[in-house]
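Please keep the sequence and the structure in view while working through the numbered points.

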Amino acid sequence: MSIFQTPELRAFRAEVREFLQQHLTDDLVQATRAGLHLEREPMARWQAALNARGWGAPHWPRALGGTGWSELQRYTFEEESAFADAPLGDVHGLFLAGPMIIAAGSPEQQARYLPKVLAGEEFWCQGFSEPNAGSDLASLKTTARLEGDEWVINGQKTWLSSGHHADLMFCLARTDFESKPQAGLTQFILDMRAPGISLQPILTMDEGHSVNAVFFDNVRTPRENVIGKLNHGWTYAKELLARERVNNAQAPRTKRDIIELDRMARRCKDVTGRPLIEDLRVRRRLASLTADFVALESAVLGVLAEQMSGKEPGPAASTLKIRGSELQQRVSETALLLLEQAGIVLSPDYGGGLLAPEGLGWAERHFFRRVVTIYAGANEIQKSIIAKSILDM
Amino acid sequence: MEREDIDLLLDTVRRWFSVNHPMEVRVAAFRRGNAEDVSTWSRMAELGWLGLSLPTDAGGFGAGYGVSFELIREIGRDARPEPLDLHLVLAPMLATAVPTLAGALASGAMRIGLADRAQSEDSVRCDGGDRLNGRAGTVLGGEYATHLLVPTACANVSSLLLVDLQAEGVVKAPARLIDGRHAPQFSFRSTPSLRLGGNAVVQRALDLAAAAQVVDSAGVLDAAFALTLDYLKQRVQFGKPLSSQQAVQHKMAEIFCDLQQLLALAGRLAGELDAAPEGDWPTLAVAKSFVGRRALRAAGQLIQISGGIAVTEEYRLTHFYRRLHVAATLFGSAESQLARIDVRGQLLSA
């Protein structure tokens, strides 16, 4: 019997499905399907609907808005949301800023920021990477200096996902210039509308705009906008990145994608008019994706179980990130292989699906996904983390 | 052609590419696509490139495939939008089939596009005579083409048809390839055509185009590799150049193996084409499948070790990667090429 087949979990799945059927409107589904990079409005609207049901942030502690679900419930919820093409919410608020503020923020910060994340009213972005501090994040140069009751930030950040949608940024900046690089960093909360912040879009291989560069020119933030302790920012960053890497595994969305591939293989035909699924090589390819997916899912569920009982994921999250990101790339590669010409011919405005409706969006997805093995710490960095932090090599 | 002449030609080609819509300029304007300009075609004719591969008795330079391939590699290195590669490999075949066309091919007055085999259910077919109906497969070089070569099946007989795009019933709809090149979609309604040959001719045309894609890919991967190697030596992280990290070194060494093999396959293929212009070319299926199986993955790894910069639109690697996807897919994907490989024939043919 599948681990998802217990009576409790089946009842729970039915409850989630019913909620999705009642509240997930067609325009939200269309918005999710239409492009890789959602606008803020549908994300905010869906987050508000989830929050009204008490499902705004299932993985948070119950006292702060969480659901108290088991890992299988949380996973089932994410899976059903993915199957139904529900929009993702603001991942930066829900999975990064929120948990960091829960772990290290003051009660005042928790009261000020968490409810707005839950309600979908405030969006966050992540100010970590810099042009010369990518894999080597700790070498970052953005500075924060205290002037009276305000911190003054100068420097620049890059790869701000959804920066153009965000109200707030958590920003890692240097506050101690004498000690070793990791020891002198602090986490700040910045208002994206503060004077001195300017954004510049960066277009990615999929020809979409989801990331930005940002420049700080004497940006001021109140003294109390430090998350946790001064000069402890690196520790919080490591914890945050581990949580992010669990999320990077993207197991539920990958499951949805493999199901879509299977559907495509049943509908699309080869030059001789035979459905692709009748080709043994195609079936083997899909089966091997499925096998690797189930292996990933099993490992994800293990980490989620610890997370739902309040434990931080730690360096083991790197294994999920490596295998999850590689699988996402293989899935979209397979889609382009199956689509053949339909995968490489686009309408003039870069819409897919010109030769076959199944082709819609796969080229964009595939090109954007070159980044999943790079962002949140390139997979080479993840391997170093595993070797050093787990294996003590 | 003497080696000296070839080197002179390649120097000219490189210099001309570097000042006429070079890739840096096109990348900066990628929103308009990797667009070609019809005027470059007549200038290429003036430079003599369009006559390069045409037979001498047809007024050409009679250069073999080996020479054409060296030029095509430069085309790949600069990810040129003009379908010069297609012209170089197909013009000799066309001029042999219809000798009166040689002059127009050399002057640029006749510009040919080639359709891949159609995948759709409304794909092109004949009405029994020489009239074409339906939709062509993906066309390379179709944007400014005057004529199309279209593979089709007429009453279960395969044919390669030459279609004058001025003829009646030709419908052209805009589309583009994922690397930005224009690839309009063509469909026909009772359009007249000229039959050039049967199954063997269809396969030869597609294989010549596939060979050009192999060589183009070799140029693309070569340029992508050089760009990345240079970047890795400059980019400092953890207090030293990325190129000094062993994990990065090993990846580059792996990709270098792929690149060397691809270049070697392209060279071997040139030898086969020059030795037997009518076929067969046992290395074709091997080399073309190599593009989809290895070159594409190698380019993906170049992106990986370059990091974030390599997924931005303004970086050339992005465009090289997308062009390799096109090369891997058009005129026979890796899977379909693998299916053609006869193990005993390959290994025991001596």
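1. Helix α10 of chain B is mostly covered, for 13 of its 14 residues are buried. A residue is called buried if 20 or more other C-beta atoms lie within 10 Å of its own, exposed if 12 or fewer do, and partly exposed in between, with C-beta atoms placed from the backbone. The helix runs over residues 316-329, and at 1.5 Å a residue its 14 residues should span 20 Å; the end C-alpha atoms are 20 Å apart, so the two values agree. The expected span is 1.5 Å times one less than the number of residues in the helix. Just after α10(B), Phe331(B) adopts a positive phi of about 55°.

2. The model is a predicted one, in which local features need pLDDT of at least 70 and side-chain atom pairs count only at pLDDT 80 or more, while totals for chains, interfaces and linings use all residues. Residues are numbered from 1 along each chain as its sequence is written, and chains are lettered from A and ligands numbered from 1 in the order in which they are written.

3. Chain B as a whole contains twelve helices and twelve strands. Helices (H or I, at least four residues) and strands (E, at least two) are DSSP runs, numbered from the N terminus. Of its 350 residues, 50% count as buried. A compact globule of 350 residues would have a radius of gyration near 20 Å, and chain B agrees, with 20 Å. That radius is taken over C-alpha atoms, and the globule rule is 2.2 Å times the number of residues to the power 0.38. Along the principal axes, the C-alpha atoms of chain B fill a box of roughly 70 × 50 × 45 Å.

4. How is chain B divided into domains? The assignment gives domain 1 (3-110), domain 2 (114-197) and domain 3 (201-348); such bounds come from an automatic or database domain assignment. The C-alpha centres of domain 1 and domain 3 of chain B are separated by 21 Å. Between these two domains, 19 residues of domain 1 are in contact with 24 residues of domain 3, where contact requires that the C-beta atoms, placed from the backbone, lie within 7 Å.

5. On the side of domain 1 of chain B that touches domain 3 of chain B, the elements giving two or more residues are α2 (23-28), α4 (65-77) and α5 (84-97). The most comes from α4(B), with nine residues. By class, this side has twelve nonpolar, three polar and four charged residues. Ala, Val, Leu, Ile, Met, Phe, Trp, Tyr, Cys and Pro count as nonpolar, Asp, Glu, Lys and Arg as charged, and the others, Gly among them, as polar.

6. The contact between the chains takes 31 residues from chain A and 30 residues from chain B. On the chain A side, β6 (197-203), α11 (341-344), β9 (345-346) and α12 (362-368) each supply at least two residues. The most is given by α11(A), with four residues. This side of chain A has 18 nonpolar, seven polar and six charged residues.

7. Strand β9(A) also pairs with strand β8 (residues 176-177) of chain B, in the antiparallel sense and over two bridges. Two strands pair if DSSP finds at least two bridges between them. In this pairing, Leu346(A) stands opposite Arg176(B).
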